[in-house]
Amino acid sequence: MQYSLFPWFQPIVEIATGRVAGYEVLARRKDEQGRVVSAGAVFQDATLPAAERLQLDRDVRRQALNAFLSAPEDTYLTINLSPEWIDALDPLEPLPTLEMMREAGVDLSRVVVEITEHGGGIDRIHHLARRYRAEGVRVALDDFGTGFQQLDRLLAFTPDLLKIDMRMFKNSAFGHQESALLHTLGDMASRLGSKLIFEGVETEEEFFLALQCNASYVQGFIFDPALPDFLAPDACYDRVQQLLQRYLEQMIEQSARRQWHLEGMQSQLLALRDLLLAGEGVEALRHYCPDAAILRCFICDRQGLQVSPNYEYRDGQWHEDVRVIGHNWSWRPWFYQLVAAEDYERRILRSAPYMDISGNQRCFTLTAGTGPAAGAAGGCAGSAGQR
């Protein structure tokens, strides 16, 4: 079968400015009814010789680079490179895509090469990334997070951009684990100095999740599908501002509720601390009924050693777990940051959210200091579920 492929361009929107900052090249073809459809199946057709698939891929890249000359200034173009083609390259031969860029007269700093899919020799990928960067071309790692084997690519080179596809989370129920993974990837990108692109974003909820995960760019049907032509830089501006305003209103409301709830938790933590220091274990708490969100409380000394059992309120009464006595929590930020504070005796610290293993519940730890006298209990920590 004779294929005729051509490029379309999906806008990539920068969140902070609301402008269309770039485009991803996507291969298209016409079906028997003349409709424009994805050409992805062509490149996955095992009956088509690799040399023919490679030539089709390069033809699409060449067309895209020539078309990009008419794109608005200060936009970039992302081009996918399959590890199959990377492995087929001789390390010493000229890079075909780089030669295409030069022939087209494209500003190399406006092009991003995406290393996509899985596989591909790490040494080859590292060598390729270094050669492109030496010419001013940026490098992105596509579909990051779909497999832990991609971590070795981060060790081999730090990409300028990391792309996370929201579609990989749509085949299963989205819960705490999936949310935690996305937040972790966002934090990782920030620590590496890589900008994060969320692609496959279709709904407001997915856009808001991208914001929470520190995304710099968003790509997906929430703005536009792949298009045959380039947009004006401000084509998505109003839509982005509307989304950001709704997100701001939502987060202000949530923050106000959480602050009100947190103040109540802090008051309960102080009350629990005083009861435990004044009495004897469970007996001291016997008449105290805590908020349902409080999971447990315990006391540490100033060296971080837990000197009390865990106290948990279940089924209308307090229970204690003595197995944790002697555990050392000095290495936890919620402990050493409290002890380091000048107003240690008045300060209450809140940890970052985490998953409580025993109850499989998202929670945080509140820590309050006590008096500095030798031998006295040095701190009280309570874990509370998030609402």
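# Chat about a predicted model

Colleague: How many aromatic pairs does the structure hold?

Modeller: The structure holds 10 aromatic pairs. Rings of Phe, Tyr and Trp (its six-membered ring) pair if their centres lie within 6.5 Å; planes under 30 degrees apart count as stacked, over 60 as edge-to-face and the rest as tilted. One of the pairs is Phe208 with Tyr247: the ring centres are 5.3 Å apart and the planes stand at 45 degrees, so this pair is tilted.

Colleague: Before we go on, what kind of model is this?

Modeller: This is a predicted model: local features need pLDDT of at least 70, side-chain atom pairs count only at pLDDT 80 or more, and totals for chains, interfaces and linings use all residues. Residues are numbered from 1 along each chain as its sequence is written, and side-chain values use heavy atoms, with hydrogens and water left out.

Colleague: Is Phe208 buried or exposed?

Modeller: Phe208 is buried, with a relative accessible area of 7%. Tyr247 is buried too, at 16%. Buried means under 20% relative accessible area, exposed over 50%, partly exposed in between (1.4 Å probe, protein chains only).

Colleague: What about Phe298 and Trp334?

Modeller: Their ring centres are 6.2 Å apart and the planes are at 65 degrees, so that pair is edge-to-face. Phe298 lies in strand β10 (residues 294-300) and Trp334 in helix α11 (residues 333-340), so the pair ties together parts 36 residues apart in sequence. Phe298 is buried at 6% relative accessible area. Trp334 counts as buried at 8%.

Colleague: Which residues do ring pairs link into a cluster?

Modeller: Phe9, Tyr23, Phe68 and Phe230.

Colleague: And which charged end sits over the ring of Tyr76?

Modeller: That of Arg138, 4.9 Å from the ring centre. Arg350 likewise lies over the face of Phe364, at 4.0 Å from the ring centre. A charge sits over a ring if NZ of Lys or CZ of Arg is within 6 Å of the ring centre and within 35 degrees of the ring normal.

Colleague: New topic. Which residues touch the most other members of the largest nonpolar core?

Modeller: Leu65, Met101, Tyr132, Phe198, Phe207 and Phe223, out of 67 residues. A nonpolar core is a set of buried Ala, Val, Leu, Ile, Met, Phe, Trp, Tyr and Cys residues joined through side-chain atoms within 4.5 Å. A second, separate core has 17 residues, including Leu262, Ala293, Trp318 and Ile348.

Colleague: What does Phe198 touch?

Modeller: Leaving out residues up to four places away in sequence, its contacts include Ile164, Met166, Leu182 and Tyr217. Contact means heavy atoms within 4.5 Å.

Colleague: Where is Leu77?

Modeller: Leu77 is in strand β4. Leu77 is buried, with a relative accessible area of 0%. Its C-alpha is 5.9 Å from that of Glu24, 53 residues apart along the chain. Beyond four places in sequence, Leu77 touches residues including Phe9, Tyr23, Leu65 and Phe68.

Colleague: And which strand holds Leu81?

Modeller: Strand β4, residues 76-81. Leu81 is buried at 6% relative accessible area. Leu81 and Glu114 are 33 residues apart in sequence and 5.9 Å apart in space, C-alpha to C-alpha.

Colleague: Which residues in α2 are buried?

Modeller: Among them are Arg53, Leu54, Asp57, Arg61, Leu65 and Phe68. Helix α2 (residues 50-68) has 19 residues.

Colleague: Last topic. How many salt bridges does the structure hold?

Modeller: The structure holds 20 salt bridges. A salt bridge is a side-chain nitrogen of Lys or Arg within 4 Å of a carboxyl oxygen of Asp or Glu. Arg133 forms one with Asp160, the closest N and O atoms being 3.3 Å apart. Arg133 is in helix α5 (residues 122-134), and Asp160 is in the loop between α6 (151-156) and β7 (161-165).

Terms used: Helices (H or I, at least four residues) and strands (E, at least two) are DSSP runs, numbered from the N terminus. The expected span of a helix is 1.5 Å times one less than its number of residues.
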